[in-house]
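Let's walk through some charged side chains together, one question at a time. Have the viewer open and follow along.

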Amino acid sequence: LTAAGADRPAVKRALQRLGLEDRLDVDQAIELVRQTVLPAYRRALAAFPEAAEAALRWGLPLIVHNSAPSRQVVAELSEDPRIGIPAGLRLIAGHSNHDTFTVEEAINFARWLRERGALIDVSTFDAFGRRHTTDSPAHLLAMVREGVVDTLSTDYGGGAPDPMLVAIRELLVAGCCSLPQAVALATGNVARALPELARERGLIRRGAVADLIWVDAGDVACVRGVIIGGTVIRMNPDAASTRNAAEV
């Protein structure tokens, strides 16, 4: 449901999945969202240009909510000569694998944004584990396979987001990218995209903070040990895979 209209079959499926079809019909559900969600949503979209102006003023990157409902505003920022990428805005399109897009829409819009200089972030959500908010990791896997992704994050995921290492493992299992490419999505690419956040982290290089983990060769989501600041904090030869943690 957006300000432009409602996908009635999708609303009906959502009501059925949530066990609410005997309490709300489709029209009631649509009206409830229109009254309680869309007013705040419109205000949020209206704030994008203000946030872009602030980001330009302070020389900072702007991470925006990227989804089908916000697509138009994100597209406008990518081309706005006053406050957009042409003006120097460092635009990061957050969770661009949002399932309000179809898989094809997500790939095509990500490619379009990257051509204009935006960075594309994708999120694990809870697509590999609980799947309360995201039914499938299909968007994430397809986008990485197509080479249109720069960074990997978690996002809220209904309060149970899947660990990034789980996503990295599944990207490798699905053959979407190489191990170095997958690791870079959650480390080096992030450091380069957000240098103000942690200048001495995210890359293995002289002078950087030696925060490292090592993982199982057969399951990269299984952490075997942790190093913080060059000091070994934990040795865990019998560590269990985070697959279990994601599915609890």
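Q: Is Asp216 buried, partly exposed or exposed?
A: Keep in mind that this is a predicted model. Buried would need under 20% relative accessible area, and exposed over 50%. The value for Asp216 is 22%, so the residue counts as partly exposed.

Q: Which residue forms a salt bridge with Asp216?
A: Side chains of opposite charge can pair when their charged atoms come close. For Asp216, the closest N and O atoms of the pair are 2.5 Å apart, and the cut-off is 4 Å. The partner is Arg224.

Q: How many residues apart in sequence are the parts that Glu196 and Arg90 tie together?
A: These two side chains form a salt bridge, with the closest N and O atoms 2.7 Å apart. Glu196 lies in the loop between helix H9 and strand E5, while Arg90 lies in the loop between helix H4 and strand E2. The pair therefore ties together parts of the chain whose separation is 106 residues.

Q: How many salt bridges does a search of the whole structure find?
A: Some residues are linked in a network of salt bridges, namely Glu79, Glu115 and Arg116. Searching the whole structure gives a total of 11.

Key:
Residues are numbered from 1 along each chain as its sequence is written. This is a predicted model: local features need pLDDT of at least 70, side-chain atom pairs count only at pLDDT 80 or more; totals for chains, interfaces and linings use all residues. Side-chain values use heavy atoms; hydrogens and water are left out. Helices (H or I, at least four residues) and strands (E, at least two) are DSSP runs, numbered from the N terminus. Buried means under 20% relative accessible area, exposed over 50%, partly exposed in between (1.4 Å probe, protein chains only).
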